[in-house]
Amino acid sequence: MKNTLLKHRSIRKFKSAPIPEETLRELLEAASRASTCGNMQLYSLVVTRDEQLRRRLLPCHFGQQMVVEAPCVVTVCADIHRFSTWCRQREAEPAYDNFAWFLTASIDALLAAQNFSVAAEAAGLGICYLGTTIYTAGDICRILELPKGVIPVTTIVTGYPDEKPDLTDRLPLEAVVHYEKYNDYTAAEIDELWAEREESELTKRLLAENELPNLARIFTERRYVREDNLSISRSYLALLKERGFLNQ
């Protein structure tokens, strides 16, 4: 398992071979064993294998072809609907229609998603998380007919890999680990932590392609720009309210 974790890579090209039913069920069972708040399991995994339905989801993920090439797309949702329905059927009034429980349900959902992903890779499958999910969550809700109280937080495409990309670089461990308390960074430490990435051949190529002087400006001016960030925030917050997660 350690080897699986240390060799994780995102796969974007897949063979068309379907995932055997037994294997898929094992992955979903692994997901269901993830840690969860109060053993409430405030998530749902919508497994989409039908090609036509995956084609309907394709625009939601900006036309990334792996959505239709991979045999399985799993939309990971925060879900207070099921638990709240159970409560009401037993004359217990639920109080989970608020932002605190969106966060709780999202944590549950992402823990389950990661269990699924690690199990998939251990079984020889490839996976890729799709950050596009929150950009178009409203459309995904409509396509997958998600009831109120259910909202997508991420998507995983999975199948047998048709590529073996290099491992993606990571910051040194010292960049993300703090012992005993948070130790803020000096300017020199920031420079040192990013030095290897900034000096890589990939970064040099990106700088030339984007005609920008440094990697940070590629993030702020090309990849994740303020206008898009604010637009996504507004639309997702509006959807949270529509879905019943922002009651006062």
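Me: What share of the contacts between residues at least 6 apart in sequence join residues at least 24 apart?
Reply: That share is 78% in the protein chain, where a contact means heavy atoms within 4.5 Å. This is a predicted model, in which local features need pLDDT of at least 70 and side-chain atom pairs count only at pLDDT 80 or more, while totals for chains, interfaces and linings use all residues. Residues are numbered from 1 along each chain as its sequence is written, and side-chain values use heavy atoms, with hydrogens and water left out.

Me: How many salt bridges does the structure hold?
Reply: There are eight, a salt bridge being a side-chain nitrogen of Lys or Arg within 4 Å of a carboxyl oxygen of Asp or Glu. One of them pairs Arg49 with Glu21, with 3.0 Å between the closest N and O atoms.

Me: Which parts does that pair tie together?
Reply: Arg49 is in the loop between β1 (43–48) and α3 (51–57) and Glu21 is in helix α2 (residues 21–32), so the pair links parts 28 residues apart in sequence. Helices (H or I, at least four residues) and strands (E, at least two) are DSSP runs, numbered from the N terminus.

Me: Is Glu21 buried or exposed?
Reply: Glu21 is exposed, at 54% relative accessibility. Buried means under 20% relative accessible area, exposed over 50% and partly exposed in between (1.4 Å probe, protein chains only). Arg49 is partly exposed at 40%.

Me: Where do Glu51 and Arg55 lie?
Reply: Both are in helix α3, four residues apart, or about one turn of the helix.
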